[in-house]
Amino acid sequence: MKFSDEFEQRFTEMLGHYPTKRSVLVPTLLYAQDEVGFLSDEVVTEIAGRLALTELEVRNVISYYSMLTTKPRGKYNVQVCTNIACMLRGGEELLQHCSKKLGIGHKGTTPDGLFTLEEVECIGGCSWAPAVQVNYDFHENLTVEQMDKVLDDCKRKETQ
Ligand code: FES
């Protein structure tokens, strides 16, 4: 399968930085997921082959990390933390609000493929709860109005 030149450059660079091929598995999966959108069977086969691992070994790692997925997701993966600190500061309400606004539940994807919604465990932003992660961006101390702005900004980016 063919990845971009950027992916290939990163992959080659990483191999030189680690003592074993296996060590680059997680970052390679992340880069591949960013490029393809999810870790398809084809991606798993390709990466297992490149790193001299079995597909089962690769799938075991994928299933351990919640940021890795073998199913297609929306372009914006909205992860709302409802763990204790966030729950006490409105995380559950934020989740319900997002669910209503986007018309999808946990792990659902909007029909236009723009958003996937996920209820997640602590994302390390407890001091600034409630916290939400959209792809690699963190949003903290969120109100419902600010959450709307985050979602609307994502939508706006797509129409520009
Ligand atoms: S409990 Fe929500 S970020 Fe830690």
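# Chat about a predicted model

Modeller: Among contacts in the protein chain between residues at least 6 apart in sequence, 61% join residues at least 24 apart, a contact being heavy atoms within 4.5 Å. This is a predicted model, in which local features need pLDDT of at least 70 and side-chain atom pairs count only at pLDDT 80 or more, while totals for chains, interfaces and linings use all residues. Residues are numbered from 1 along each chain as its sequence is written, and side-chain values use heavy atoms, with hydrogens and water left out.

Colleague: OK, and how many helices and strands does the protein chain have?

Modeller: The protein chain has seven helices and five strands, where helices (H or I, at least four residues) and strands (E, at least two) are DSSP runs numbered from the N terminus. Along the sequence they follow the pattern α-α-α-α-β-α-α-β-β-β-β-α, and the C-alpha atoms fill a box of roughly 45 × 35 × 25 Å, taken along the principal axes.

Colleague: What share of the residues counts as buried?

Modeller: Of the 160 residues of the protein chain, 38% count as buried, with buried meaning under 20% relative accessible area, exposed over 50% and partly exposed in between (1.4 Å probe, protein chains only).

Colleague: Let's take H6 then. Which of its residues are buried?

Modeller: In H6 the buried residues are Gly91, Leu94, Leu95, Cys98 and Leu102. Seen down the axis of H6, they fall within an arc of 100°, so they line one face of the helix; the arc is that of the directions from the helix axis to the C-beta atoms. On the face turned away from this buried side, H6 carries the exposed residues Gln96 and Lys100.

Colleague: And what do the buried residues of H6 pack against?

Modeller: They pack against strand S1 (76-81), helix H5 (84-88), strand S3 (115-120), strand S4 (132-134) and helix H7 (144-159).

Colleague: How far does H6 reach from its first C-alpha to its last?

Modeller: Helix H6 (residues 91-102) has 12 residues and reaches 16 Å, close to the 16 Å expected at 1.5 Å a residue, the expected span being 1.5 Å times one less than the number of residues. After H6 comes Gly103, whose phi is positive, near 75°.

Colleague: You mentioned S3. How does S3 run relative to S1, parallel or antiparallel?

Modeller: S1 and S3 run parallel and are joined by six bridges, with Tyr76 having Phe115 as its bridge partner in S3. Strand S2 (residues 108-109), by contrast, pairs with S3 in the antiparallel sense over two bridges, and there Gly108 has Leu117 as its partner. Two strands pair if DSSP finds at least two bridges between them.

Colleague: What sits between S2 and S3 in that hairpin?

Modeller: Five residues lie between the strands of that hairpin, in which Gly113 takes a positive phi near 75°. As for S3 itself, five of its six residues are buried, so it is largely enclosed by the rest of the structure.

Colleague: Switching to charges, how many salt bridges does the count come to?

Modeller: The count comes to 12 salt bridges, each defined as a side-chain nitrogen of Lys or Arg within 4 Å of a carboxyl oxygen of Asp or Glu. One of them joins Arg10 to Glu6, with the closest N and O atoms 3.9 Å apart. Arg10 and Glu6 are four residues apart in helix H1 (residues 5-17), which separates them by about one helical turn, and Arg10 is partly exposed at 35% relative accessibility.

Colleague: Which parts of the chain does the Glu57 and Arg22 pair link?

Modeller: Glu57 and Arg22 meet in a salt bridge at 2.9 Å, N to O. This pair links distant parts of the chain, since Glu57 is in helix H4 (residues 55-64) and Arg22 is in the loop between H1 and helix H2 (25-36), 35 residues apart. Glu57 is partly exposed at 28% relative accessibility, and Arg22 is partly exposed at 47%.

Colleague: And how far apart are Arg156 and Asp153 in helix H7?

Modeller: Arg156 and Asp153 are three residues apart in helix H7, or about one helical turn, and their side chains meet in a salt bridge at 2.7 Å, N to O. Arg156 is partly exposed at 43% relative accessibility, as is Asp153 at 24%.

Colleague: Last topic, cysteines. How many disulfides does the structure hold?

Modeller: It holds zero disulfides, a disulfide being a pair of cysteine sulfur atoms within 2.5 Å. Among the cysteines, Cys86 is buried with a relative accessible area of 3%, whereas Cys126 is partly exposed at 40% relative accessibility.
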